[in-house]
Amino acid sequence: MMSAGETPAPASVRLTSSTAGGDIVVITVDGVLDATTRQQFADHLAQAGTSIILDLAGATFMDSRALGLIIHHWQASQAAGGKFALIGVDYRRAKIMWITGLAKVLPLYDDLDAALAALA
């Protein structure tokens, strides 16, 4: 419990990248995707190119701004002929996808192997 005058610690996110399936960048998210981490997330996505698998298993929270970035990069990937998938999406941490109905539209897969098989 915080005492009077204390401010909460800022949210943080750790983003790492690797490659899979030859040319697909796998971005792993560990932490919070919200207004305080939006720019860091946007920069990381922009550097990834057009073929991305976004691993959200370690995301502890996601707001509508983060979802907007995901939608933008999904659409840009499609327009450029790239590949895009989301893995490790959990309802408890990414409710916004279900609230907006986007969980029915976005390419969601259980794990990396399933995403790579679908994108092959």
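The model is predicted, so local features need pLDDT of at least 70 and side-chain atom pairs count only at pLDDT 80 or more, while totals for chains, interfaces and linings use all residues. Residues are numbered from 1 along each chain as its sequence is written, and side-chain values use heavy atoms, with hydrogens and water left out.

Five strands form an open sheet in the order β1-β2-β3-β4-β5, with mixed pairing. Strands (E, at least two residues) and helices (H or I, at least four) are DSSP runs numbered from the N terminus, and two strands pair if DSSP finds at least two bridges between them. Strands of a sheet pair through backbone hydrogen bonds, either parallel or antiparallel. The edges are β1 (13–20) and β5 (108–109), each of which pairs on one side only.

Strands β1 and β2 run antiparallel and are joined by eight bridges. Within this pair, S18 stands opposite V26 of β2. The hairpin of β1 and β2 has three residues between the strands, and G21 there takes a positive phi near 60°.

On to β3: β2 (residues 24–33) and β3 (residues 52–62) run parallel, again with eight bridges between them. V26 has I53 as its bridge partner in β3. From β2 the chain passes through helix α1 (residues 38–48) to β3 in a right-handed β-α-β crossover; right-handed means that, with the strands pointing away from the viewer, the path from the first strand over the helix to the second runs clockwise.

How much of β2 is buried? Eight of its ten residues are, where buried means under 20% relative accessible area, exposed over 50% and partly exposed in between (1.4 Å probe, protein chains only).

Helix α4 (residues 112–119) lies across β1, β2, β3, β4 (84–87) and β5, and runs at about 160° to β4. Such angles run from 0 to 180 degrees between N-to-C directions, with axes fitted to C-alpha atoms, for helices over the stretch in contact; contact means heavy atoms within 4.5 Å.

The count of aromatic pairs comes to one. Y91 and W98 form this pair, edge-to-face, at 5.5 Å centre to centre with 75° between the planes. Rings of Phe, Tyr and Trp (its six-membered ring) pair if their centres lie within 6.5 Å; planes under 30 degrees apart count as stacked, over 60 as edge-to-face and the rest as tilted. Y91 is partly exposed at 44% relative accessible area, and W98 is partly exposed at 36%.
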